[in-house]
Amino acid sequence: MPEPNLASAGGSPDAYGIRVVRANDAAAVARILATLPQWFGIPESNDHYVEAAASMQSYLAATGDRVVGVLLTTIHFAEAAEVYLMAVDAAYRRRGIGTRLMEAARAELRRDGVRFLQVKTLGPSRPDENYAATRRFYEHCGFTPLEELLQLWEGNPCLLMVAAL
């Protein structure tokens, strides 16, 4: 699949020159995940994310023609969606890119009539400083912890978080 022409895509750039566009780019997702082994260190899972990136509703953060962040969503019911994947290239983290991606996705989902957005991440019963930061990010974005599921992911507790749109 050829990479999208991001240089001419819409979206207003921020102070870092980053803009959010709607496009699918599985190759960029694979490249971004490779920069984040502390979060995305399971090759089989990464392959699944890359495959999903070819067809799921996708928001890309780009600077020039380089994709530096991605957020994939999936709709479960007319009023309920999920953040399936969110990742920002390690070299571009801490610049508000994740927040911009989340804002773009939430705005579009709201326009489509979605009322609730969920995300699954590693639960707090398995201490990990990287995932503690991930949970804080989602809380900053308005998500509330709902339930820790101990049997969903083998060997890893899954924290289900939800936000009203």
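View 1. Welcome to a predicted model, in which local features need pLDDT of at least 70 and side-chain atom pairs count only at pLDDT 80 or more, while totals for chains, interfaces and linings use all residues. Residues are numbered from 1 along each chain as its sequence is written, and side-chain values use heavy atoms, with hydrogens and water left out.

**View 2. Threonine 121 in its strand.** This residue, Threonine 121, belongs to strand 5, which covers residues 116-122. Strands (E, at least two residues) and helices (H or I, at least four) are DSSP runs, numbered from the N terminus. With a relative accessible area of 4%, Threonine 121 is buried (under 20% relative accessible area, with a 1.4 Å probe and protein chains only).

**View 3. The elements along the chain.** Look for four helices and seven strands in the chain. Starting at the N terminus, their order is β-α-α-β-β-β-α-β-α-β-β.

**View 4. The chain as a whole.** Along the principal axes, the C-alpha atoms fill a box of roughly 45 × 35 × 30 Å. Of the 165 residues in the chain, 42% are buried. Among contacts in the chain with a separation of 6 or more, 62% come from residues 24 or more positions apart.

Terms used:
Buried means under 20% relative accessible area, exposed over 50%, partly exposed in between (1.4 Å probe, protein chains only). Contact means heavy atoms within 4.5 Å.
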